[in-house]
Amino acid sequence: AIGRLWFCARGRAADEAAAAALEGEMSSSATVDVHAADQLLPYMALAEGESRVVVREVTGHLEAQAELVRTFLMAEVAFEPLDRGFEVRVRSHPYM
């Protein structure tokens, strides 16, 4: 398989690393995975009222997207620590 030709920094095959990442997502209390969360923020900001999702971790991409949403869509974005992850809350601006 192609995935077996590539190795991660720790020397594990790519398929093993992908399986471990998926297991981490599934064992968390996350409602969306860390790669989808930043892509959802603009839609959450455009929705009326408050939107919430839970993520396993707050990534740099998520933080950067949150800053863009705050700046361009004037929405409030907050990250609240939970026992196993973070709640991402987005409140749309009343004029949007």
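When I say that two residues touch, or are in contact, I mean that they have heavy atoms within 4.5 Å of each other.

The average pLDDT for the protein is 85, and 85% of the residues reach at least 70. Strand S2, residues 76–82, has the highest mean of the elements, at 97, while helix H1, residues 14–27, has the lowest, at 77. Residues 1–5 stay under 50, and the model gives that stretch three contacts beyond four places in sequence. Where pLDDT is low, the predicted coordinates should not be read in detail.

Now the layout. There are three helices and three strands, and along the sequence they run α-α-β-α-β-β. Of the 96 residues, 30% are buried. The accessible surface is about 6,500 Å², with carbon and sulfur atoms accounting for 57% of that. If we take contacts between residues at least 6 apart in sequence, 50% of them join residues at least 24 apart.

Next, the core. The largest nonpolar core has 16 residues, and those touching the most other members are Leu-41, Ala-45, Val-55, Leu-62, Val-69, Val-88 and Val-90. Which elements supply at least two residues each to this core? They are helix H2 (34–46), strand S1 (50–55), helix H3 and strand S3 (85–91). H2 contributes the most, with four residues.

Take Val-69 from that list. Leaving out residues up to four places away in sequence, Val-69 touches Leu-41, Pro-42, Ala-45, Met-74, Ala-75 and Val-77. Leu-41 and Ala-45 are themselves among the core residues that touch the most other members.

Met-74, one of those partners of Val-69, sits in the loop between H3 and S2. Its phi is near 50°, a positive value in a residue that is not glycine.

Last, Glu-63. Glu-63 belongs to helix H3, residues 60–72. Glu-63 also counts as partly exposed, because its relative accessibility is 46%. From Glu-63 to Ala-78 there are 15 residues in sequence, and the C-alpha to C-alpha distance is 9.9 Å.

That is what I have on this model.

Conventions: Residues are numbered from 1 along each chain as its sequence is written. This is a predicted model: local features need pLDDT of at least 70, side-chain atom pairs count only at pLDDT 80 or more; totals for chains, interfaces and linings use all residues. Side-chain values use heavy atoms; hydrogens and water are left out. Buried means under 20% relative accessible area, exposed over 50%, partly exposed in between (1.4 Å probe, protein chains only). pLDDT is the predictor's confidence in each residue, from 0 to 100. A nonpolar core is a set of buried Ala, Val, Leu, Ile, Met, Phe, Trp, Tyr and Cys residues joined through side-chain atoms within 4.5 Å. Accessible areas come from the Shrake-Rupley method with a 1.4 Å probe; for residues, only the protein chains shown count as cover.
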